[in-house]
Amino acid sequence: MLAVLAAFVGELRAAGLPVSLTENIDAMDAVRHVPLDDRSALRAAMAATMVKRPEHRPAFDAVFDSFFSLAPATVDDDGSDLSALLEDALQSGDADAVQRLARLAVARLAGMEEGRGVRGSAYVFKTMRMLDVDGALARLLAGAGWLERDGLTLAAQCLRNEVEAEVRRRLVAERGPEAVARSVRRPLPEDVDFLHASGDDLAALQRTLRPLARRMAARLARRRRHGRHGRLDFRRTLRRSLSAGGVPADPRFRRPRPHKPEIVVLADVSGSVATFARFTLQLVHALAGEFSAVRTFVFIDGIDEVTHLLAGADDLAAALTRVHEEADVVAADGHSDYGRALTAFWARWGREITPRTSVVILGDARNNYHATGAEVLADLRRRARRLWWLNPEPRSYWDTGDSIVAEYARHCHGVFECRNLRQLEAFVAQIG
Amino acid sequence: MAERFPSIQAVREGLAGVDYLADEATAGVVFLADRLDKPVLVEGPAGTGKTELAKSVARWAGSRLIRLQCYEGLDESKALYEWNYRKQLLRIQAGEGPWSELEGDIFSEEFLLSRPLLEAIRADEPVVLLIDEVDRVEVETEALLLEVLSDWQVSVPEMGTVSARRIPLVFLTSNATRDLSEALKRRCLYLHLDYPSVEREREIVLARVPELPAHLAGEVARIVRSLRLLDLRKPPSVSETLDWARTLVVLGVSELDASLTESTLHVLLKHRADIAAAARELKTAG
């Protein structure tokens, strides 16, 4: 058991979970107290001792399922019609029905054979397609009301999880837990690379964004309140001195009120970096209350202000889609041209940049060999309070090919690599 | 080792006995907290029963509940202990005998005001300590908790160290408005309390609002689940679900339809934009 646990913790760490030594020891201790044949109790015990952030739970579950999977269940195939079972299972949402269906479907449709070096996800995909889950779901959804729709979607999600679990179970029996855990390893939400994120990863990112924004807002607000002492508050000091016989023993100070920064964001929304711009804009707008003003401009080779589209929008994701449709960002050929966009910005809005404004530029600085427009940045820096550049590309790619980060970096107060949520969070934390 | 609870199943049944329906993970963590003598950090959205968990455990185990409500600016004198200055002053003024004697006298138990943490440590009977909304205190204040939670002792410079006579069961709750320090998290068992599943929420509604007809409880749970799937500023919490269920009882509702739901949405949702979004969905649902 000890060896299994050690391998398990090793795999958790490889998946990026920060499991400390004390937590490891606690887990070993906890395991002694739960019945080992109770799988869910074991899972709860390990999760409670080693996973201290809800975002890390899916990664933990994936590893746990590989290491402590049940032996593949033998299903008695009574030859029942799968599509009828599927409709029943989706409509009732009954966990047992879904599980039974998943087992039958994998046994019958996945075509798993020993010794084939096929990835688990391929089997899952094949099963789901042969079962025609999407088709059945669409048929049922068409005739369903709002409440039933959610039930159906959740049941379908449940089915997918069960199929994945069943496939994994069979793979573990064949290949051993370490190999399977490695093959299903996915980056944690905060480590997902903006530029190469899959649809599922993006959905996971999206879910972490709102709590993250709330945490960051609290942090920014707190730091503003807990600055240094302000100036002496003469009136209150005098009032306090009365209780000490007129001696001002306890000087009182005014609360410092540092002004909130004013943020102007220029975002490159061309295809290659659109996801990055999207997440950054969402985060900045979710934090709007912590800044005295947020203005947003988007560009490809033309530039347009989109503040009015984003401000006060309840559904930022939808608003951002509108940005892509309505903003006038293509001036010539629709390929990024930083020089042209920056020049246009400076000519039209340059006078509105004041010493209270912090300017953040989002983009990979891949200029398609156009004129750089770096002199505009020099002007911008002279007028603005701060000028930052966030680049979603790995640092090692900077200044290769048509990337001219160094050219722009000379004029910025800082250029940051911003490939994932973790780095983005670190950046926002320091601008407040 | 305390061994208050015999098994995970017993914890579950015991909590159900005081109308707190715990899922397996929750019961497991409570059980482990007892066996490992570790505090439990309960995190999750507002209104999912974090505080209620601690209260229910106390009620079930028949222990006294000591509560420390955290807020910004909480300090030692409010969390640990404070010397009763006025009483000390009186003692000095009334003073007889040499100073050395007097000094020993005014820094004794008699002049110590225990605050929740010290009180929990010094208690003779079994207690449950609830440290509520720990994410509200500053990072520096968190350090106050560390000595108490890992070594079960409080150092009072004038008196020495006070060690726990019995290790209390400790619950810390947090709404995750900020990241707690690693040091604190490392010392705790972690429990993430999320919104319950439809079935569990239905049971919770039935347990807490027994006047509500059973078929309505299912409806209520399903509607609330669907509301939570919408992208809302503040999804309805379990306590709001219960409020809604009680509203329906008061209104004497026997069938739930879209228009009735819409007219009572303000019990569940507290943002204008959220109510509008939910009403829109209800209209399309017909």
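Modeller: Chain A has an open sheet of 6 strands in the order β3-β2-β1-β4-β5-β6, with mixed pairing. Bear in mind that the model is predicted: local features need pLDDT of at least 70, side-chain atom pairs count only at pLDDT 80 or more, and totals for chains, interfaces and linings use all residues. Residues are numbered from 1 along each chain as its sequence is written, while chains are lettered from A and ligands numbered from 1 in the order in which they are written.

Biologist: Why are β3 and β6 of chain A said to stand at the edges?

Modeller: β3 (303–305) and β6 (414–417) of chain A each have a single partner strand, so one side of each has no neighbour in the sheet. Strands here are DSSP runs of E, at least two residues, and helices are runs of H or I, at least four, numbered from the N terminus.

Biologist: How do you know that β5 and β6 of chain A pair?

Modeller: Pairing requires that DSSP finds at least two bridges between two strands. Strand β5 (residues 386–391) of chain A and β6(A) have 4 bridges, in the parallel sense, so they count as a pair. One bridge partner to look at is A:Gly414 in β6(A), which goes with A:Trp388.

Biologist: What makes α16 of chain A a helix that packs on the sheet?

Modeller: Helix α16 (residues 338–349) touches β1 (262–268), β2 (293–299) and β3 of chain A. Contact means that the C-beta atoms of two residues, placed from the backbone, lie within 7 Å. The direction of α16 makes about 45° with that of β3(A); axes are lines fitted to C-alpha atoms, for helices over the stretch in contact, and angles run from 0 to 180 degrees between N-to-C directions.

Biologist: And chain B, which strands are at the edges of its open sheet?

Modeller: That sheet has 5 strands in the order β2-β5-β8-β1-β9, with parallel pairing. β2 (64–69) and β9 of chain B are the edge strands, as each pairs on one side only. The twist averages 20° from one strand to the next. Inside the order, β5 (residues 127–132) and β8 (residues 169–174) of chain B pair over 4 bridges in the parallel sense, and B:Leu130 has B:Phe171 in β8(B) as its bridge partner.

Biologist: How many residues does each chain bring to the contact between A and B?

Modeller: Chain B brings 31 residues and chain A 28. On the chain B side, α2(B) gives the most, with 7 residues.
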